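Take a walk through this structure one piece at a time. Start inside one chain, then step out to where the chains meet.

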Amino acid sequence: MHDELAAAFDAWLADVCPPGIVRAIDDGGSSATLWQQIESSGYLDALVPEAHGGAGLALAAVRPLVQACGARAVPVPFAETMVARAELARAGRAASDGPLALAELDDATLPAVERGTWLAALTSALIAGAAERVLELASTYAQQRVQFGRPIGSFQAVQHQLAVMAEQTCAARMAAQLAFASPQPRPDRTLAAMAKCVAGEAAAIVAAGGHAVHGAIGITAAYDLQLSTRRLLAWRTEGGSPAYWSREVGLAWWRSGEARALDFALARLDAGHG
Amino acid sequence: MFLDSLSLTRIPAHDEALRGPVRIFLERALAGVPTEVRARSWSGFDADFSRALGERGWIGLTLPSEYGGGGRSVFARFVLVEELLRAGAPVAAHWVADRQSAPQILRFGTVEQARRFLPGICRGEVYFCIGMSEPNAGSDLASVRTRATRTASGWRLEGQKIWTTNAHRTHFMLALARSSGDASSRRAGLSQFIVDLASPGITVRPIADLNGDAHFCEVFFDGVELAADALLGNEGDGWKQVTSELAHERSGPERIYASLLLLDEWLAWLRARGRPSERSLALAGRILAVMSVLRSLSVAVTAQLDAGASPLVESALVKDLGTTLEQFIPETIADALGEDPDAPLPESLARTLRYVAQIAPSFSLRGGTREVLRGMIARGLGLR
């Protein structure tokens, strides 16, 4: 059922938010029409409890939606608004129309530490989506671009760069799944921290690899690659870089009192299963 | 794309339940074994330990009970292996038979072959090695030259293997040999043979490694006579048969945890000294984060194996990521410890670090080199 939801959402996004729209908004154009379509779609209330008129989806069910926003380089804060609406609803407060930022919510609605956890989870899933998109663009390009009389994807050096990008994309995808694995309404802080460490590292590697494979065309404004790689680099540090979240995981280990690495990991992973 | 297939999976509770009893057994069985010995991980060889494990039914866990196996799922084996690696248990004696040879004999062998070999394997008494690499056939496995020629009573084996792990202390080799054609035939004409290493005409020479251990060997076949039933599976199907188990060999916890004993020793040292430096805290966090994600990927591949799939590309991907972590751990821990050159290091930590750091290059060689794996992933992306 969740896969169907994700597929429907992605197909809808492809329609309302194609690369041309993303580019126009990135270039300073108005996002009013896109936002209007997003608001009337109902997806923004995916996490709002049913008692408050939302879809009441579990945390894990919305991860594919956030990932799709990453893959389609959605140039408006869909994910943050979706979370803010749910937090406001659970706090018994009305959400205003228009895009919301988690930073706008007061501490009583969303404590600062939980805001940080949310951002780690959201940016991890956005990175996973954007990384998939960059990998797809780069693999396709490597099969089409001919140099020395053959597609550049037939050269081992290029193949291995793409293989590393695939590995990192896969790691980011699993990281995003972990970030959204909690049965609670909010992400588990340590799992989200772990996710952002891994996804953040992946973001830099995949963005650099995507550009390396594309050559000069990837640097141009006219080519779609930049829509994703600029976001990968921004999401890598937004809400804390891998360096910040590594320290958070280290602190969680320290405070846990666990003697052994695996015991710490298994206890945290178990939190993701409830 | 193949990336979509790896979903976060929980190990079923009845398989997870195996963890407790295994952990209790291992704590008792390995009490007092120094960390740098445990750090040999799945390279540590101890026949007594293997027999003790066999007595508990913890070898051949996924094999059918009619052959002495446990009849359990690949998830149960995941839990067992994870605990063996956590403890640094010396599993090398039965490791290859348990992970590769027994499943291959079950899948491709005759009922007679299964009856002959599997019960001993499950008891922890019969050990196998894998005869694949040769002096001129490493990553390019299809160029093996060891030749099996038909005789009136079976086969005659001529040739040489190298880098055969534990050939000097195992009983049988599952050997890949050319039974027809020549080196230019490549993947065609290869067959698998179960070779009794006590047969006349076999010479085994261990090769010392840079740590002073001797685990891999040269093996020479000089007119070795094999019975007809030494052939495993169909003649000429050798390539298909040896590659069929690669997903099992490459995706398991043993591709993530080779440096786990070092990591634990370092974490314990950090705790014993009081609050770690910011740098050490961040490094510990980074390692634990990567480890947790890779463990989840490894479980996700296990779920595919459980469903009967053969996730070759996925397991190549997990192995490359996993061995990268295994090599990252000794390098960065050495760096963190060198942050304060005047702080005295406990001997145990120093010895464990030395061992793991020196052997770490082998992590991305054994079981398919990093470069071979990346080639397979590139094929999965449609580039080859």
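Begin with strand 4 (residues 172-178) of chain B: 7 of its 7 residues are buried, so the strand is largely enclosed by the rest of the structure. Buried means that 20 or more other C-beta atoms lie within 10 Å of a residue's own; 12 or fewer means exposed, anything in between is partly exposed, and the C-beta atoms are placed from the backbone. Strands (E, at least two residues) and helices (H or I, at least four) are DSSP runs, numbered from the N terminus.

A note on the source: this is a predicted model, in which local features need pLDDT of at least 70 and side-chain atom pairs count only at pLDDT 80 or more, while totals for chains, interfaces and linings use all residues. Residues are numbered from 1 along each chain as its sequence is written, and chains are lettered from A and ligands numbered from 1 in the order in which they are written.

Which way do the side chains of a strand point? In a regular strand they alternate between the two faces of the sheet. In strand 4 of chain B, Phe172(B), Leu174(B), Leu176(B) and Arg178(B) point one way. Met173(B), Ala175(B) and Ala177(B) point the other way.

Now look at the partners of this strand. Two strands pair if DSSP finds at least two bridges between them. Strand 1 (residues 128-131) of chain B runs parallel to strand 4 of chain B, joined by 4 bridges. Here Cys129(B) stands opposite Met173(B). Strand 5 (residues 190-196) of chain B runs antiparallel to strand 4 of chain B, with 7 bridges. Phe193(B) in strand 5 is the bridge partner of Ala175(B).

Follow the chain on to the loop between strand 5 and strand 6 (202-207) of chain B, and you find Pro200(B). Is Pro200(B) buried or exposed? Pro200(B) has 8 C-beta neighbours inside 10 Å, so it counts as exposed.

Step back to the whole chain. Chain B is divided into domain 1 (2-127), domain 2 (129-234) and domain 3 (243-380). These bounds come from an automatic or database domain assignment. The C-alpha centres of domains 2 and 3 of chain B lie 31 Å apart.

Chain A has domain 1 (2-104) and domain 2 (112-271). Their C-alpha centres are separated by 21 Å. Their contact takes 20 residues from domain 1 of chain A and 23 from domain 2 of chain A. Contact means that the C-beta atoms of two residues, placed from the backbone, lie within 7 Å. On the side of domain 1, helix 4 (59-71) of chain A gives the most, with 9 residues.

Finally, see where the chains meet. In all, 38 residues of chain B are in contact with 41 residues of chain A. Helix 11 of chain B gives the largest share of the chain B side, 16 residues. That side divides into 24 nonpolar, 5 polar and 9 charged residues. Nonpolar covers Ala, Val, Leu, Ile, Met, Phe, Trp, Tyr, Cys and Pro; charged covers Asp, Glu, Lys and Arg; the others, Gly among them, are polar.

Helix 11 (residues 278-306) of chain B packs against helix 7 (residues 156-179) of chain A at about 95 degrees, with their axes 9 Å apart. Axes are lines fitted to C-alpha atoms, for helices over the stretch in contact, and angles run from 0 to 180 degrees between N-to-C directions. The two helices are therefore roughly perpendicular. That word covers 65 to 115 degrees; under 35 is roughly parallel, over 145 roughly antiparallel, and the rest oblique. Among the residues in this contact are Met174(A) and Leu297(B).
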